[in-house]
Amino acid sequence: MTAEDLARELGRRAPGQWELYRKTAESRETESSRGLQRAAWRREEGWAARWWEAGAPRFAAASSPEALALALDPAGRLPVLQAPAPDWPSRTAPGPAEAAVAPPPDVFADLARAVAAASRGEAILGGLSLRSGRAEERIVNAAGLDVAQEHRALDGVALCVGRRGSRAREVRLPFRWDGVPDLDPFARRLADAATLPLSDRPAPFSSGQWLLDPAVGAALLTAIAPLFLADRPPRWVLRGQAASRLVSIVDDASRDASFDGEGVPTRRTLLVDEGQLVGRLYDLDAAKRAGAPPNGHGVRPSFRVPPRSGPRRLFFETSSPSAPAALLSSVTKGLFASALTAPVRVDLAADRYEIEFTGVSVVAGRAGGPVAGARSTGRLSELLRRIASVSTDTQFFPSPYPAGSPTLLVERASFE
Amino acid sequence: MNWDEAAIQRWLEPLAGRGGEIAEVFGETLTELVLEWRDGSLREARVRREEGTSARRRAGGAEQFVFVTGTGDAAVREAVRALRAESSSEPLPIRAPRPAEPSDIDAFPDAERWSRRLPAILSRHAPRHAFTFRLRETERRVVADGRRASACVRRLVSLEGRFTAASRAGDEERPFAFHAPASEGVADELKTLLAAAASPRDRAVPAPAGQTDVILAGGCAAVFFHEVLGHPLEADAEASPLRGLPDARVAVSDLDVSDDARRLDLFGGYESDDEGTSPRAVRLVASGLLGSRLTDRGHAAAPGSTGHGRRAGASDPPLPRGSNVVVAPGSADPDEMLRRLGNGLWIEEFDGGSVEIASGSFRLRFPRARRVRRGRLSDELSGGVLAGELLSALGAIEPVLGREVRACRSFGWCARAGQVVPVGGAAPEVLLRRLVVRPAP
């Protein structure tokens, strides 16, 4: 059974309305912890078909073309409601040449030293899982699309344990390195997240200015990302300013891939322009429903699920950035949120948020003592509109797509 | 999976010559049917069929792990060959593999029955809804050096999503989750639980903030014990606060909690684990005393693995993980439990939970609750978070337990280290004092 055989079968079932996706991936992973050194090698293959049979959408996925051929029948038999097929893109792009995957670099000892130094010995690196991988995707469809592209990644998860007296704190931080691993900033993040909560010191102020570290800003951005997928955004977004005039939000994955999971070319999409919601993320299906052109945001987190609208590389932008030091010096009384202590919770429909974080207090532009844990809750619209400064130090974090944020300064926040 | 197990054992022999060394091949065939239902209509049907084989060698503190797609002869040979190369041992001779013959998919004999039956259940109890229905079958096979080969088949049913229900203040959206092994009676059980979830309720007021006493009912105490005992007693939880407390008294002597994978009527059950070990019930707390750890082959002490080596799939190495948390019953009926509570909260469902092992702090998210005043159920409360520290929380359990043990069907999946495995539990009502409650934002 070959891809051509599958394409013929799909063409017979759904003339003009089918898509075939293939992904092959190879990765090498090392996992280091105090008790275990694990080396893993994986070679994975996945196939997926999407087609409109009897006017209704169908999807099947399998680990081989033979298994996919067998999955078409059961998926085609079920009484699915009819729905219009999307307008399929058509273009061709040659595939990349195969290349071997090198093992990931051995950075455990260096990172462990950097964590110990950054935490003054209070935190230890408990484990590090590091993966170097290569994946190749090929998409063909009934409209003549035939494109292939390659992704490479170096990513992983680090486990860090902070101890002070009888108190302990464990954190796991996922990371992705696009170039040479930059260990020192990552070690500082790990050390802060593991040791700041050990201070047992609550927030010294119940209100004030609020500096959000890029990691916290990126988590907030990820939490509000569903706003850019909704057919009908909540009323508070449509009423006017969704965010401060200093804030723009963009999705642009051009540096990662030349097309999305449906073969639509990647492009820069402006979602929030100077505080106003101006754009949406469309896959083929959402674009058809909205009567808009697709903008390259059909995302396949895996071959196992059909593509859906989603962010691919989402980040804050501003036309008037400030230096990070200028943001800090502009704080008269407030908190710096260095790391999250629980996932950001938002209720987009009800316009509410809750962010639990650890960090340091800031008075007159100078860092004060650590704050073990603080919580800020309130209206999401107010939080976004009160962003008073946006820094230049944008960093990207896996979420699982890259989400980027610089340091943000929020005025008039309340803390518990 | 039509494996030549004797041949695989011969291939593995050179990889595990010394005592304590592990060499094994694991294969999985997974078939899954996913149906997306919206307001009585089937909007999307997805079928998935995956096959994968992994090979693993563990010697001392080093482990090599290899995964390849497929479960045929060629895949097994490729996995073992790559493992031998990674382990720097003699290569496997190259021979022409037997051709793979993918079996026809009729793993969903129930699919059409469910696609007829579900709309009837949903239209009666929750006509406006957005539900995802899953029917999953996994067949897993393990061949390990010097051990009997094992095979295990599991069929699981899940329904998750939201629906619009009537409340006395008008329509409201409610979450619903149901996870159970496939069986004859599962549709009836689903119908009963959905009907209960859709029953009219008063308008919910925000949950109170601060310390409060709580009854965990409807079997959801299993989720609490999964977080505060299950995870901290997993054998690789190095930083666990329970690690240095063998046989210590951590709770009232009326409390018995075990992890029992042999309970095949619960979502997390299995006949053999993902290392081929038959599981045994592990006492996590016996008469209030801290019990044993959950072990896999890599972390087993003298008595050997407890049969808790679990993987999310063939591409993942096994980890010591919990399965079904089962709490032994007491003798109190619900009215007596309410009287003993006096004032506090009655919680029947959690829709998420986590524990931070090193500090022992846990949090459990509940979608709704009932206020209890003077031993009687009163206001409907909206969702919130229950938080605490595990040793204090165990010490805060009252010596009174409900007499009826209920399966917690809303409890289905547990994620750790990127691996998601099915879990389940059953528990009677449990009364805890002075837990911290915070309302949802």
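User: How many residues does the contact take from chain A and from chain B?

Analyst: This is a predicted model, in which local features need pLDDT of at least 70, side-chain atom pairs count only at pLDDT 80 or more, and totals for chains, interfaces and linings use all residues. Residues are numbered from 1 along each chain as its sequence is written, while chains are lettered from A and ligands numbered from 1 in the order in which they are written. Two residues are in contact if their C-beta atoms, placed from the backbone, lie within 7 Å. Here chain A gives 43 residues and chain B gives 39 residues.

User: Which element supplies the largest share of the side of chain A that touches chain B?

Analyst: Elements are DSSP runs numbered from the N terminus: helices (H or I, at least four residues) and strands (E, at least two). The largest share, 9 residues, comes from β2(A). By class, that side of chain A has 22 nonpolar, 5 polar and 16 charged residues. Ala, Val, Leu, Ile, Met, Phe, Trp, Tyr, Cys and Pro count as nonpolar, Asp, Glu, Lys and Arg as charged, and the others, Gly among them, as polar.

User: Which strand of chain B do bridges join to β3(A)?

Analyst: Strands pair if DSSP finds at least two bridges between them. β3(A) is joined by 5 bridges to β2 (residues 41–59) of chain B, and the two run parallel. In β2(B), R48(B) stands opposite A61(A).
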